[in-house]
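Subject: Structure handover

Hello,

Here is the structure you are taking over. My notes on what was found in it follow below.

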Amino acid sequence: MRRRDLVLLLTGSFAARDGFCVEQKAVPVIGFLGSPTPGSYTPLVAAFLHGLEETGYIEGQNVAIEYRWAEGRFERLPALAADLVDHRVEVIAADAVPSARAAKDATRTIPVVFISGSDPVERGFVASFARPGGNLTGVAMMVAELAPKRFELLSEMVPKARVIALLVNPNNVQTDGVIKGVREAARAKTVQLQILKASNEGEIDAAFGTLMQLQADALIIGPDVFFHSRREQLVALAARYMVPATYEWRESVAAGGLMSYGASLTSVFRQLGVYAGKILKGANPGDLPVQQPTKFELVINLKTANALGLTIPPSVLARADEIIE
């Protein structure tokens with residue numbers, strides 16, 4: 001062995017022995033704070049990861065993700081958010097208003113990218129849509145504002161309906177706004193509106209029993225991440241009781257629901273991933289404008305309509321972005 005090589009070898013050995021070996025830089029870590037169960041979010045997490053990939057980050061290669069799930073128990077979110085802060089993640093991705101609120105309360109320094117179903121300025125998350133100004137930014141879907149439109153579409157689908165029920169989660173901060181908007185729409189059409197509430201699986205079952213007692217002709221499932229996670233249960237109950245129901249997102253219609261109207265959730269979660277990646281690359285969340293969906297989809301399940309004995313009006317059919325057969 002040449003003398004120079006021997007010196008280099010011995011130098012490296014001494015450095016390693018004395019704790020001076022050069023370590024590879026640790027990959028950045030993103031904290032994902034989810035409100036429902038993980039299984040219900042599989043395609044949405046995939047969309048989030050796709051958004052990350054667009055910015056050059058691939059989970060398991062050059063970025064790690066710490067997942068925390070509240071499993072529908074929103075009261076767990078503050079502790080889960082605090083745990084992510086303790087793990088010193090670089091970014092927190094929050095899937096809804098309750099998780100965004102928990103993340104905001106847990107840290108003023110770690111960037112947070114959120115999905116909000118209501119006005120994030122009114123919620124105190126950001127200073128403005130164009131210039132959020134703090135450590136939060138994300139996507140605002142404004143789902144409460146779409147609830148009256150969903151009522152109108154359901155009224156067209158079931159024109160003889162005289163009693164329509166609205167199922168809401170009383171623990172959702174958007175519930176009051178949803179009820180107000182749908183109530184005004186029902187009053188304009190002289191339709192009686194009945195409010196049903198559920199915040200767990202058992203209460204969903206009970207709500208459908210009450211639905212029959214009220215002799216409701218149709219049902220609106222209020223915008224809520226818990227309801228989205230329980231879409232299989234809701235669709236099955238609607239089929240069992242033969243009640244036409246409208247949902248917020250197409251995933252419920254793909255599962256057998258009658259109709260949905262709202263933004264594309266996969267697109268929204270993809271944008272969440274894009275923003276998380278941009279922040280990892282050095283972007284300031286306060287300078288990233290809060291995004292809003294530009295397209296809203298009307299999706300109809302023709303098989304479900306036939307099972308319910310409904311004839312889809314041409315006025316509704318013509319506006320459908322997708323028909324599932």
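Is Thr190 buried or exposed? This is a predicted model, and in it Thr190 has a relative accessible area of 67%, so Thr190 is exposed. The residue sits in the loop between helix 6 and strand 7 (192-197). Thr190 also has a positive phi of about 50°, although it is not a glycine.

Arg88 is another entry of this kind: its phi is positive, about 55°, and it is not a glycine. For background, most residues other than glycine have a negative phi. Arg88 is found in the loop between helix 3 (77-86) and strand 3 (91-94). Its relative accessibility is 72%, and because exposed means over 50%, Arg88 counts as exposed.

Next, the helix pairs.

Helix 5 (residues 143-157) and helix 6 (residues 175-188) have axes that come within 8 Å and cross at roughly 30°. Angles under 35 degrees count as roughly parallel, so helix 5 and helix 6 are roughly parallel to each other. Their crossing is right-handed. On the helix 5 side the contact is made by Ala144, Ala147, Pro148 and Phe151, and on the helix 6 side by Val178, Gly181, Val182, Ala185 and Ala186. Sorted by class, the contact of helix 5 with helix 6 has eight nonpolar residues, one polar and no charged ones.

For helix 7 (residues 201-213) and helix 9 (residues 231-240), the axes come within 11 Å and cross at roughly 20°. Helix 7 and helix 9 are therefore roughly parallel to each other, and this crossing is right-handed. Helix 7 brings Glu201, Ile204, Asp205 and Phe208 to the contact, while helix 9 brings Gln233, Leu234, Leu237 and Ala238. In the contact of helix 7 with helix 9, five residues are nonpolar, one is polar and two are charged.

In soluble globular proteins, nonpolar side chains tend to be buried together. The largest nonpolar core here has 56 residues, of which Phe32, Leu33, Phe48 and Phe269 touch the most other members. Helix 11 (residues 265-280) gives the most to this core, with eight residues. Leaving aside neighbours within four places in sequence, Phe48 is in contact with Ile30, Phe32, Ile65, Ala93, Phe269, Arg270, Leu272, Gly273 and Ala276. A second, separate core has 31 residues, including Met157, Ala161, Ala186 and Leu258.

Regards

Terms used. Residues are numbered from 1 along each chain as its sequence is written. This is a predicted model: local features need pLDDT of at least 70, side-chain atom pairs count only at pLDDT 80 or more; totals for chains, interfaces and linings use all residues. Side-chain values use heavy atoms; hydrogens and water are left out. Axes are lines fitted to C-alpha atoms, for helices over the stretch in contact, and angles run from 0 to 180 degrees between N-to-C directions. Helices (H or I, at least four residues) and strands (E, at least two) are DSSP runs, numbered from the N terminus. Angles under 35 degrees count as roughly parallel, over 145 as roughly antiparallel, 65 to 115 as roughly perpendicular and the rest as oblique. A crossing is left-handed if the near helix is turned anticlockwise from the far one by less than a right angle, and right-handed if clockwise. Contact means heavy atoms within 4.5 Å. Ala, Val, Leu, Ile, Met, Phe, Trp, Tyr, Cys and Pro count as nonpolar, Asp, Glu, Lys and Arg as charged, and the others, Gly among them, as polar. A nonpolar core is a set of buried Ala, Val, Leu, Ile, Met, Phe, Trp, Tyr and Cys residues joined through side-chain atoms within 4.5 Å. Buried means under 20% relative accessible area, exposed over 50%, partly exposed in between (1.4 Å probe, protein chains only).
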